[in-house]
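Here is a short briefing to keep beside the structure while you look around. Have the viewer open and follow along topic by topic.

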Amino acid sequence: MTIQVGDRIPSVNFVKVTEGGPEQIASDDYFAGRKVALFSVPGAFTPTCSAKHLPGFVEKAEEIKAKGVDEIACTAVNDAFVMGAWARDQHTSGKVRMMADGSAAFTRALGLEQDLSARGMGIRSQRYAMVVDDGVVKTLHVEAPGKFEVSDAASILATLSQA
């Protein structure tokens, strides 16, 4: 079943990319007591993800955080080393926290996986963005397959402005 607004983020582990290397963290601990703008991409270094999705959040990080967001996080079904390299390439430090979901455990627990095996990518995350407050999903924007219209930084800013 796909996660919905009002649901609690499922209890799973994923890997936080840090300057000192990968750190495993429980989702319960990560989301506890804070507001997080979380977005997911099908893959690090893929065209739309690298040209539009992540750069938009990097560019609008200060505006999003000014709306009461404690942290902006990006997740993908990639390992922590790939996510770390992508973070360096996209200059995310201090703006967007990169979270690796290498085995798709978080993605599957949300019910937001997609099978891109036909394109040689295996199981990946759907493209989405959500605002999570103290572990509870407050807003959720899931893209239609192949689209990039509702999960961008501007959409999250608009959602936060309405709250």
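Let's begin with Glu 23, which touches Phe 14, Val 15, Lys 16 and Thr 18 once neighbours within four places in sequence are set aside (contact means heavy atoms within 4.5 Å). This is a predicted model, in which local features need pLDDT of at least 70 and side-chain atom pairs count only at pLDDT 80 or more, while totals for chains, interfaces and linings use all residues. Residues are numbered from 1 along each chain as its sequence is written, and side-chain values use heavy atoms, with hydrogens and water left out.

**Glu 23 and its strand**

- Glu 23 sits in strand 2; helices (H or I, at least four residues) and strands (E, at least two) are DSSP runs numbered from the N terminus.
- Glu 23 counts as partly exposed, at 39% relative accessibility; buried means under 20% relative accessible area, exposed over 50%, and partly exposed in between (1.4 Å probe, protein chains only).
- Between the C-alpha atoms of Glu 23 and Gln 90 there are 20 Å, and the two residues are 67 apart along the chain.

- Seven strands form an open sheet with mixed pairing, in the order 2-1-5-4-3-8-9; two strands pair if DSSP finds at least two bridges between them.
- Strand 2 (21-26) and strand 9 (136-142) are the edge strands, each pairing on one side only.
- On average, neighbouring strands of this sheet are turned by 25 degrees against each other, direction ignored; axes are lines fitted to C-alpha atoms, for helices over the stretch in contact, and angles run from 0 to 180 degrees between N-to-C directions.
- Strands of a sheet pair through backbone hydrogen bonds, either parallel or antiparallel.
- Strand 4 (residues 71-76) and strand 5 (residues 97-100) run parallel and are joined by four bridges; Ala 73 stands opposite Arg 97 of strand 5.
- Helix 2 packs on the sheet, where it touches strand 3 (35-40), strand 4, strand 5 and strand 8 (128-133), and its direction makes about 160 degrees with that of strand 3.
- Helix 4 (residues 80-90) also packs on the sheet, touching strand 1 (13-18), strand 2, strand 4 and strand 5, with about 160 degrees between its direction and that of strand 5.
- Strand 8 and strand 9 are antiparallel partners over six bridges, and Met 130 has Leu 140 in strand 9 as its bridge partner.

**Helix 2 and His 53**

- The 13 residues of helix 2 should span 18 Å at 1.5 Å a residue, and its end C-alpha atoms are 17 Å apart, which agrees; the expected span is 1.5 Å times one less than the number of residues.
- The buried residues of helix 2 are Cys 49, Ser 50, His 53, Leu 54, Gly 56, Phe 57 and Val 58.
- His 53 belongs to helix 2 (residues 47-59) and is buried, with a relative accessible area of 0%.
- The side chain of His 53 reaches the backbone oxygen of Ser 151 at 2.8 Å.
- Beyond its neighbours within four places in sequence, the contacts of His 53 include Phe 39, Arg 127, Tyr 128 and Asp 152.

**Cysteines**

- The count of disulfides comes to zero, a disulfide being a pair of cysteine sulfur atoms within 2.5 Å.

**Positive phi values**

- Most residues other than glycine have a negative phi, and most peptide bonds are trans.
- His 91 is not a glycine, yet has a positive phi of about 55 degrees; His 91 lies in the loop between helix 4 and strand 5 and is exposed, with a relative accessible area of 61%.
- Ala 104, also not a glycine, has a positive phi of about 65 degrees; Ala 104 is in the loop between strand 5 and helix 5 (105-110) and counts as buried at 1% relative accessibility.
- Asp 134 takes a positive phi near 50 degrees in the hairpin of strand 8 and strand 9, which has two residues between the strands.

**Helix 6**

- Helix 6 (residues 153-162) has buried residues at Ala 153, Ser 155, Ile 156, Leu 157, Thr 159 and Leu 160.
- The cover over these buried residues of helix 6 includes strand 3, helix 2, helix 3 (61-66), strand 8 and strand 9.

Methods. Polar contact = N/O pair within 3.5 Å; in protein donor to acceptor, adjacent residues only side chain to side chain.
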